[in-house]
Amino acid sequence: MIYSKILSGALFAAALTLAGAANAQIKIALDSPPDLEGSGSYVWAHTFSTYLNEHGMPAEEFARGSIGGDDELFDQVSQGLLEVSLSPLNIVGSLDKLIYGLRLPYFFADEIEVDRALNEGGMMEKINAATTKGGVRVISVNHVGQASGIFNTKKPVTSVADMAGLRMRALDESQIELYKAWGAAGTIVSWAEVPNALQTGVADGYMNPAFVPLLFGHTDFLKFYTDAAVSPALRITIVSEDWYQGLSEADRATVDAAAAAATAANREWLKTQDAVLGKLEAAGVKIERLDQAARDAFRAASAPAYNSDLLSQEQIAEWEAAKGK
């Protein structure tokens, strides 16, 4: 089914319910343009939908924003109106904060540690023990690029001291606190408003993996990138727990296999991302690569993130133990 315009409220909910009843179509809400070269989350989503379609479970991808923003998609998933959504980590933070361990600055050495903590260390199971009570299951954690760095419109950032005077777009209050610890300011801006915020000075930059300005067309105004490798650049795939549990055993196995294939494809895609810095430079973005002393200074300045009320010390210890297994 193709929607020619965005439906909202009760009308949209009813439309989704009727569509699901009519053809059992699995709706997958995308979070990025459908770019298999530039978007790791789309690599995940497209591999997932292709696998399902090839194994007798009709699935369709819906463009970013076409059936709602992140909050709306979360509500639809939790109510069983939408089967699958590619979403930001913090979208399930309202159900349980444990997932925020994945955003701790300078905590994970690489993607291997992330996967070890989630799978062998049991953190995915612990996350879902809480979120499924709210009708939402996390079935995958997806890399959308190399570890996040710092983009801005104003100046090269080669040290923590250079963050002074910058106002950075933040995802939430915890990221604002991190920017403060670095000597900058933060302001929460929705992703749809980011281009306007950067061009009008409401925000001077953001923290994201290197590919983001290329994918979303922000290189016209973002001119400086610091390869700070702050934290893994991740999104999650959430599914309706009601839908998932209502599947037959065979169909649930197919969905699990599709998720495994999609996650494997995402990890293979991540290996191709070394070339992104060269593409940024070609687009006119100046690249700064931190030396070890500067990296250590950023890591030390990030300490308040470990002492906020976002995660308890017990939860941080759980993550620490899980990544070391």
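What follows is a short chat about a predicted model, covering salt bridges, a pocket and one isoleucine.

Me: How many salt bridges does the structure hold?
Reply: The predicted model holds 15 salt bridges.

Me: What does lysine 27 pair with?
Reply: Its side chain meets that of glutamate 83 in a salt bridge, at 3.0 Å from N to O.

Me: Is lysine 27 buried or exposed?
Reply: Lysine 27 counts as buried because its relative accessibility is 1%, and the cut-off for buried is under 20%. Glutamate 83 is buried as well, with a relative accessible area of 8%.

Me: What about arginine 267, which side chain does it meet?
Reply: Arginine 267 meets aspartate 115 in a salt bridge of 2.7 Å, N to O. This pair links distant parts of the chain, with arginine 267 in helix H10 (residues 249-270) and aspartate 115 in helix H4, 152 residues apart. Arginine 267 is buried, at 14% relative accessible area.

Me: And glutamate 320, what does it form a salt bridge with?
Reply: Lysine 323 is the partner, and the closest N and O atoms are 3.7 Å apart. Both residues lie in helix H13 (residues 313-323), 3 residues apart, which is about one turn of the helix. Glutamate 320 is partly exposed at 41% relative accessibility, whereas lysine 323 is buried at 10%.

Me: Which residues are linked in a network of salt bridges?
Reply: Asp31, Asp70 and Arg235 are linked in one.

Me: Changing topic. What volume does the second largest pocket have?
Reply: The second largest pocket has a volume of about 390 Å³. It is lined by 21 residues, and those closest to its centre are Phe108, Ala109, Asp110, Ala147 and Ala229.

Me: Which elements give two or more residues to that lining?
Reply: H4, strand S4 (136-145) and helix H12 (292-301) do. By class, the lining has 11 nonpolar, 4 polar and 6 charged residues.

Me: Last one, where does isoleucine 99 lie?
Reply: Isoleucine 99 is in the loop between strand S3 (84-87) and helix H4 (111-120). At 1% relative accessibility, isoleucine 99 counts as buried.

Me: What is isoleucine 99 in contact with, neighbours within four places aside?
Reply: Isoleucine 99 is in contact with Leu89, Val92, Ile127, Ile236 and Trp319, leaving those neighbours aside. Its C-alpha atom is separated by 9.9 Å from that of threonine 131, 32 residues apart along the chain.

Conventions:
Residues numbered from 1 in each chain as written. Predicted model: local features only at pLDDT ≥ 70, side-chain atom pairs only at ≥ 80, totals over all residues. Heavy atoms only, no water. Helix = DSSP H or I, 4+ residues; strand = E, 2+ residues; numbered from the N terminus. Buried < 20%, exposed > 50% of the residue type's maximum accessible area, 1.4 Å probe, protein only. Contact = heavy atoms within 4.5 Å. 1 Å grid on protein atoms, 1.4 Å probe; cavity = no way out; pocket = protein on both sides within 12 Å on 5 of 7 lines; lining within 4 Å. Points joined across faces, edges and corners; volume = space filled by probe spheres on them. Nonpolar A, V, L, I, M, F, W, Y, C, P; charged D, E, K, R; others polar. Salt bridge = Lys/Arg side-chain N within 4 Å of Asp/Glu carboxyl O.
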